[in-house]
Amino acid sequence: MAQTQATKVEHLLELENIGLSFKGVKAVTDISFAVAAGEICALIGPNGAGKSSLLNVINGVYQAQQGRIRFAGEGRRRMSPHDAAVRGIARTFQNIALFKGMSVLDNVLTGRTLKRRSSWIEQALRIGRAAGEDDRQREAAERIIDFLHIQPWRDTLVGKLPYGLQKRVELARALAAEPRLLLLDEPMAGMNAEEKQQMSRFIVDINRELGTTVVLIEHDIGVVMGICDHVVVLDYGRKIGDGPPEEVRQNPEVIAAYLGTRH
Amino acid sequence: MATFTDNTQSDTLPQWLQQQARQQGTGIALRHKRLGVWQVRTWRQLAAEVEHLAMALQVRGFVPGASLVIVSRPRPEALIAVLAAQWLGGVAALLDPLEAAAAQVPLLRELHSEWVFAEGHEEIQRLRAAGLAPRLLIYADGRGMAEVSQAGDTLAFAQLLLGSDHRLEPQARAERTAFTFYRLGAGQRIEQQRISHAELLKEGWRLVHSEQLGRQEEALAARAFAAGSQARYLLAPWLIAGFRLNFPENLATRDQDRRELGPTLVAGTRETYERLHAQVLARLPEPGSWRRRLVDWALVAHPGALQRHLGYWLIRRPLRDILGFSRTRAPLVVGEALAPHTQAFFQALAIEVRTWPDPAQWHRPARWPAPLVNGWIEDSTQPA
């Protein structure tokens, strides 16, 4: 018993029998897995396997028809995106969703919205709590800008930045919310090898330096095996693999369905 | 107009620092941009930090004549480490921060210094790749340090400043080496350049007098640790004249920071001016367009009265602002002179760049340690 307690892993996120369908088409079926606090977990699988749908269920964009989600010890059947953000879940999107007409700094500052305590009227008149809050929010945003090395583009309009940098700005905005759980939907899609290496480094730094738990969707198996502690494999909405990268790599069902290297 | 006080008692760099701290203790000595905001250090604060670090080094066994190797991009902590080593009569050995990491590894391998200041994780990895295990390794940026295997005494810069209040007088001597610079010369042989306090101050004085530098100057130390010429024509004049030295947020933001700051003294290299010239050329309007014709009209070598006045307001003034030369009155190129077309471009903007040649003498170190034999260095004495 003592041994069991000693080896017990603290889970930040637990999915229990999650089922989601759209007008009868099943996107995910009976998915259960857990993400330990402080780990980097990858969701992999072929296109249409249900990875993005599952990410949307986790942060409340979609409501699962079956099962429940437990986050930080608290179980819920339904959760709105706002609830998810308040509870410490932030995400980035497969297609960049930034304010292209705003500067990098202003985009990062939008990620601090939930950290503001002043009311809109205080902010409009710059009185009360709003007076000192701007400086604090700016400093917090600047720390993220420094962390992700995007200082040279601080005042540049996001729409003028190359794709790889926009991805980094989106990551910065998600980090600005100081999340406990960071969901990254294909953070390296469309990047060249050098940009992927740089982004991988940042994800590892976020995990190790800031202690943020990360769940990411990624197609590059080299990246997944290189930086992740835990891999969950989906195929046609079902889970077919769940474990450390080395274990998943040996799983015959995963090899057959996804890696396609059964010869 | 020079406003500094001539003091023949100060004949080393640390003594000049002490003198500035006495004469203008609350004046701003250093500024550096961090988290988007310029942070300041007064002369008194700077001198106190240098003295504290010198004491911390002394306690750990740093003796006069020892070398502190600096592997860092320009930042205040690196400058403080330089001055602390010199305070104790030691030598600051500097590597070019713009040099490729792979090129630094063989240099570091041969230096095998016992005392190293490394900027952060990346530089420490470079030291490890070179097989260096210094007696004391100081780092400024703690990011990623949890991953680094910490052999020997590895300490954060801030940790070393938590010293006692004991006083320590500078132990440097004018004729002793203050800086050593290294490079890989012909045939990948390591060459060394040594500069004494006396030589630095002599060259520094020459520049201060010639350019009439005073406390009111603002200078940007974008490449302060790149070469001996920067030590001669930026660091020494800074301590003598007592002006403000500004560090950019990082090397990637140096041109933006220069624009924001508008320094009065620019002690750049040929590469600095060429990079700025290239930036302007890349942004010029299409040839043949009316806007391009206007730019060409405004930037002619010998403008008429109308061209001079209208061209100033429409083209030259905005261009000087963008380049960060709006207030510059001492534009200097240290080392190699500018190419004629770059010189002509700055002249057209009414920026008369003056060349201060680098009198550097590179030579093979006389007491260089024996080459590596099976991974071991036979002679463990430190160079410089």
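I start at one end of the sheet, where strand S9 (residues 230–235) of chain A is joined to S10(A) by five bridges, the two running antiparallel. Within that pairing, Asp235(A) has Arg238(A), in S10(A), as its bridge partner. Strands and helices here are DSSP runs numbered from the N terminus, strands (E) of at least two residues and helices (H or I) of at least four. Two strands pair if DSSP finds at least two bridges between them.

A word on the source: this is a predicted model, in which local features need pLDDT of at least 70, side-chain atom pairs count only at pLDDT 80 or more, and totals for chains, interfaces and linings use all residues. Residues are numbered from 1 along each chain as its sequence is written, and chains are lettered from A and ligands numbered from 1 in the order in which they are written.

The whole sheet is open, with six strands in the order S6-S7-S8-S3-S9-S10 of chain A and mixed pairing. Its edge strands are S6 and S10 (238–243) of chain A, each pairing on one side only.

Now the residue. Arg91(A) sits in strand S6 (residues 89–92) of chain A. Is Arg91(A) buried or exposed? Arg91(A) is buried because 23 other C-beta atoms lie within 10 Å, and the cut-off for buried is 20 or more, with C-beta atoms placed from the backbone. Arg91(A) and Leu181(A) are 90 residues apart in sequence, yet 8.4 Å apart in space, C-alpha to C-alpha.

Conventions:
Buried ≥ 20, exposed ≤ 12 C-beta atoms within 10 Å, placed from the backbone.
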